[in-house]
Amino acid sequence: MTLDRRRFLQTAGLGVVAATTSLPAFAAAHPKAEPDWAALRGKLSGQLFLPADSGYNDAKLGFFTMYDRHRPAAVARCTRQEDVQACIETAVTNAFPLAARSGGHSYAGYSTLDRGLVIDVSRMNSVEVRPDGTVVVGAGARLFDVYNAVAKAGRLLPGGTCPSVGIAGLTLGGGIGVIGRKYGLTCDRLTNARIVTPDGTIRDAAASPDLFWALRGGGGGNFGIVTSFTFQTAPSHDFTTFNLSFPSGASAAVVNAWQTWCQEVPDELWSQLSVSGNTQVEGTFAGPANQVQGLLDTFVRRVGSQPTGRDVREGSYFDTMVSFAHCEPSNGGCTPSWNGGGGGLGRGTYVATSRILTKQIADPQAFVRLLSSVPGMLTLLDSFGGAIARGDSAFPHRAGIASIQLIKWVNNGDEAGARAAMNPVRDELGRMFGESAYVNYIDPQMPNWANAYYGPNLSRLRSIAAKYDPGKVFRYGQSLHV
């Protein structure tokens with residue numbers, strides 16, 4: 001099956017935190033007990049769904065259909081930070097597994113916790129743009145709603161393309177996006193985060209330099225549950241989007257030209273190379289179309305063959321973000337159809353993994369053959385450099401040329417088969433470019449995952465996690481506590 005690129009919405013973030021059914025370390029001191037759900041329900045301003053309750057089957061759903069088999073013991077839809085405190089207290093008191101969920105886009109299904117307590121913050125989704133250009137965003141806000149609100153205020157915020165991704169997971173893992181070379185990662189715009197740590201304390205992360213550093217790219221699910229974020233936005237303006245399509249026979253030449261061109265262009269230009277049958281290069285330019293045409297002409301000359309399609313158009317910031325989301329706002333097409341969303345946006349049935357392009361591709365032809373060796377697999381390379389390279393936080397891949405994301409559809413529920421087909425390509429890319437990978441494209445089968453996702457920051461991040469969560473409450477299969 002060939003992967004239709006427009007059917008795939010690039011998910012750039014996970015849920016707020018991710019957890020599996022691994023019993024936290026505090027279970028050694030407390031016997032695991034079924035919580036008093038009635039007591040918790042009485043403390044919540046939001047709703048608590050148990051398996052016998054009407055609405056449970058929808059409330060438990062995340063973005064990915066493969067994890068519909070997971071059956072949380074309870075799903076708490078929190079509407080205020082005190083709800084989050086009550087949920088954490090209940091889990092800790094009973095040594096009960098917990099996970100938090102914002103957009104529910106965990107590639108490994110960690111935010112749809114089987115037999116545990118899911119702390120769903122999706123209703124904490126307010127977006128307040130202030131006169132000074134900062135925006136306070138509830139941890140449950142989805143990207144489409146964030147972009148819509150800041151655009152209406154004449155501002156912009158860099159981020160990913162999938163409209164239903166939660167702002168929390170995107171930010172905590174870094175936040176690769178389509179205007180990142182000009183405006184940085186999403187986490188680079190963060191000025192504060194309100195977080196509930198395992199001891200029940202509500203903290204302003206900006207007051208704790210170590211915690212604030214870690215929350216900007218150190219991955220979700222390691223320090224507590226963030227309830228809101230404060231970002232510094234930038235003035236909005238029009239962008240130019242472009243798309244160049246090339247036949248499959250030109251793929252190696254396109255790859256060879258793109259890997260240098262994408263780093264030489266001004267910071268205003270971000271681009272993405274996609275390989276699946278044919279090869280496309282699309283992107284954004286923070287300026288008018290007449291300023292990007294010459295840059296595209298240079299690229300085409302380096303490829304040595306004309307594209308079969310070339311589309312260049314100008315639009316507003318909001319229109320640019322919607323164009324990459326491939327959804328239609330007017331009919332609810334950018335709003336989730338699950339979890340009480342009431343919209344028409346569909347869910348995902350695919351697996352993914354990643355590597356970081358850390359050096360030039362020595363043999364573009366062999367690179368293309370490798371990516372084409374798995375039928376129906378799509379590869380996306382997102383360019384780094386510019387403001388991304390200049391940032392300073394726990395995001396460990398600042399020196400990279402690009403991220404490499406592999407995506408494979410799951411057919412007939414065969415998740416294991418899709419991963420088995422994709423993994424050899426992932427491993428070969430690791431041998432070619434090193435074991436680095438992007439934590440927001442989390443892969444439960446990633447070899448040496450801790451070093452891959454956290455790199456040189458691993459030791460420091462583990463120390464910070466131990467400081468704020470000494471009881472290892474927030475522990476899952478690929479957390480800093482493991």
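How many helices and strands does the chain have? And with which strands does strand S14 pair, and is S14 buried or exposed?

Reply: The model is a predicted one. Its chain has 15 helices and 18 strands. The radius of gyration is 21 Å, close to the 23 Å that the globule rule gives for 482 residues, so the chain is as compact as a globular protein of that length. Along the principal axes, the C-alpha atoms fill a box of roughly 70 × 50 × 45 Å. Of the 482 residues, 63% are buried. Among contacts with a separation of 6 or more, 74% are between residues 24 or more positions apart.

Strand S14 covers residues 278-285. Seven of its eight residues are buried, that is, under 20% relative accessible area, so the strand is largely enclosed by the rest of the structure.

Two pairings of S14 can be described in turn. Strand S13, residues 269-276, runs antiparallel to S14 and is joined to it by eight bridges. Within this pairing, Ser276 has Asn278 in S14 as its bridge partner. S13 and S14 form a hairpin with one residue between the strands, where Gly277 takes a positive phi near 80°.

The other pairing involves strand S12, residues 239-246, which is also antiparallel to S14 and is joined to it by seven bridges. Here Ser245 stands opposite Gln280 in S14.

In summary, S14 is joined to S13 by eight bridges and to S12 by seven, and seven of its eight residues are buried.

Definitions and conventions
Residues numbered from 1 in each chain as written. Predicted model: local features only at pLDDT ≥ 70, side-chain atom pairs only at ≥ 80, totals over all residues. Heavy atoms only, no water. Helix = DSSP H or I, 4+ residues; strand = E, 2+ residues; numbered from the N terminus. Rg over C-alpha atoms; globule rule 2.2 N^0.38 Å. Buried < 20%, exposed > 50% of the residue type's maximum accessible area, 1.4 Å probe, protein only. Contact = heavy atoms within 4.5 Å. Pairing = 2+ DSSP bridges.
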